[in-house]
Amino acid sequence: MDRIRIVGGQELRGTIPISGAKNAALPLMIASLLTRETLTLGNVPNLADVRMLVRILGHHGVDYSQNGRRAGEDAHASRPIHLSARDIVDITAPYELVSRMRASFWVIAPLLARMGEARVSLPGGCAIGTRPVDLLLMALEKLGAAITIEAGYAHATAPRGLKGAEIDFSKVTVGGTHTAMMAAVLADGHTRLTNAAQEPEVVDLAACLNAMGARIEGAGTATVDIHGVGSLHGAYHNVLPDRIEAGTYAMAAAMAGGDVLLDGARPDDLRAALDVLTRAGASVTETNAGVRIKRNGAGISPVDISTAPHPGFPTDLQAQFMALMTKAKGASRITETIFENRFMHVQELARLGARIRLDGDIATVEGVRSLQGAPVMATDLRASVSLVIAALAAEGETLVNRVYHLDRGFEHLEEKLGRCGAVVERLSSPG
Ligand code: UD1
């Protein structure tokens, strides 16, 4: 298994291009199931999760192709992908596939909307705690689906099609909002979602669905209105830049010091994280190209945060922010309100010398003067990258094991950091 070796202590200086957002690409790719015509997506990141989803969609009958590389084109430039679900050949998403990637459960919505039936394995638990799908199923039931749970599968049927409905989410859920939108676009009549997720990825999915002929209004606010249409058609859509990747490198620059331009980052999608970084002592400038992060000389100030649905501080940046706080001049409190058990990084950060006390969903981080490199590993994507951030500012060498977590969500991580002066390399090992 590959490992990443980092020798800490170098400032970061340069430009980091921000890739397309994984968390937008996944639902957008799933939306291809809604039409017989071709959905073309630009700016899709080349990540393990994307490749896995191509396999899963292929199982349902989606043909996949990618533009060839043009002469002189950067080897890493993202090339448009084409997804054509001309015929759905299987309405079952099996355990072997869904268990590999939670978001693939969302195929239940377009399969049900288009075919009147879907059988999708329940995703089960994952490293960041129980992640139920009750609200996703509630939304589909409101739209008129009959749902039974059989042998670990959710079986949804709507032989006469779905019907528009009022769907009120008792808790803000990104996946629930994605699935409700994808189901309602082909339902008969008007659907209103209240307490909907307002994440930029929801806005991106709605924009793509509208380009495919859907009628969705209000995405990005708590109330989303969807007027059902008879069918959707093909479209071209560009995936929005990854705010979590941008926020991660912003934390890395604040941690290591230096001056980094996050090329293509959209500051409006990152407001809460950028405000927190400013309070922590980084200088944040919005430019035409993206966002510039600098920290020269001055130390890192402690800041208390609490994760919250967008536009609050994203849970997907909580681990990275904790890494930054390990070297703050004082104590900070980090409260995780979205997921239980999302503190798997605490023990590993402690191996680098961090001082963190856990009390339920609150972590208190006592900043230390220095961290020391060590072998570490983590059990989820964001936790893994928090170890990379800590390692950039640790003395000596850190080996981050289980790199496949990073490969699920960060494209060309070591090259992007390496080009800014970090000493970072991938150690490949067979098997
Ligand atoms: C998405 C993101 C993930 C991010 C999360 C929150 C993708 C692929 N993943 O995950 O990176 O951390 O949003 O921003 O986009 N819940 C229920 N019942 C449900 C559904 C959710 O109780 O039926 C709860 C969850 O346990 C959690 C909260 O709602 O406590 C938010 O989860 P949700 O927004 O649905 O997360 P995902 O869409 O799975």
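Trainee: Which residue in β25 stands opposite Arg-5?
Mentor: This is a predicted model, in which local features need pLDDT of at least 70 and side-chain atom pairs count only at pLDDT 80 or more, while totals for chains, interfaces and linings use all residues. Residues are numbered from 1 along each chain as its sequence is written, and side-chain values use heavy atoms, with hydrogens and water left out. Strands (E, at least two residues) and helices (H or I, at least four) are DSSP runs numbered from the N terminus. In β25, the residue opposite Arg-5 is Leu-399.

Trainee: Do β1 and β25 run parallel or antiparallel?
Mentor: Two strands count as paired if DSSP finds at least two bridges between them. Strand β1 covers residues 3–7 and strand β25 residues 397–401, with 4 bridges joining them. Their direction is antiparallel.

Trainee: What is the bridge partner of Pro-375 in β25?
Mentor: Strand β23 (residues 375–377) runs parallel to β25 and is joined to it by 3 bridges. The partner of Pro-375 there is Leu-399.

Trainee: With which residue does Glu-397 form a salt bridge?
Mentor: A salt bridge here is a side-chain nitrogen of Lys or Arg within 4 Å of a carboxyl oxygen of Asp or Glu, and the structure holds 21 of them. In the case of Glu-397, the closest N and O atoms are 2.6 Å apart. The pair links distant parts of the chain, strand β25 and strand β1, 392 residues apart. The partner of Glu-397 is Arg-5.

Trainee: What area do domain 1 and domain 2 bury between them?
Mentor: The domain bounds come from an automatic or database domain assignment, which gives domain 1 as 3–19 + 241–427 and domain 2 as 22–238. Their centres, taken over C-alpha atoms, are separated by 30 Å. Buried area is the accessible area (1.4 Å probe) that two parts lose on being put together, summed over both. Carbon and sulfur atoms carry 50% of the total, which is about 1900 Å².

Trainee: How many salt bridges are counted between domain 1 and domain 2?
Mentor: Elsewhere in the list of such pairs, Arg-243 forms one with Glu-201, the closest N and O atoms being 2.8 Å apart. Between domain 1 and domain 2, the count is 2.

Trainee: Is the peptide bond from His-310 to Pro-311 cis or trans?
Mentor: Pro-311 lies in the loop between β18 (305–306) and α10 (318–325). With omega near 10°, the bond from His-310 to Pro-311 is cis.
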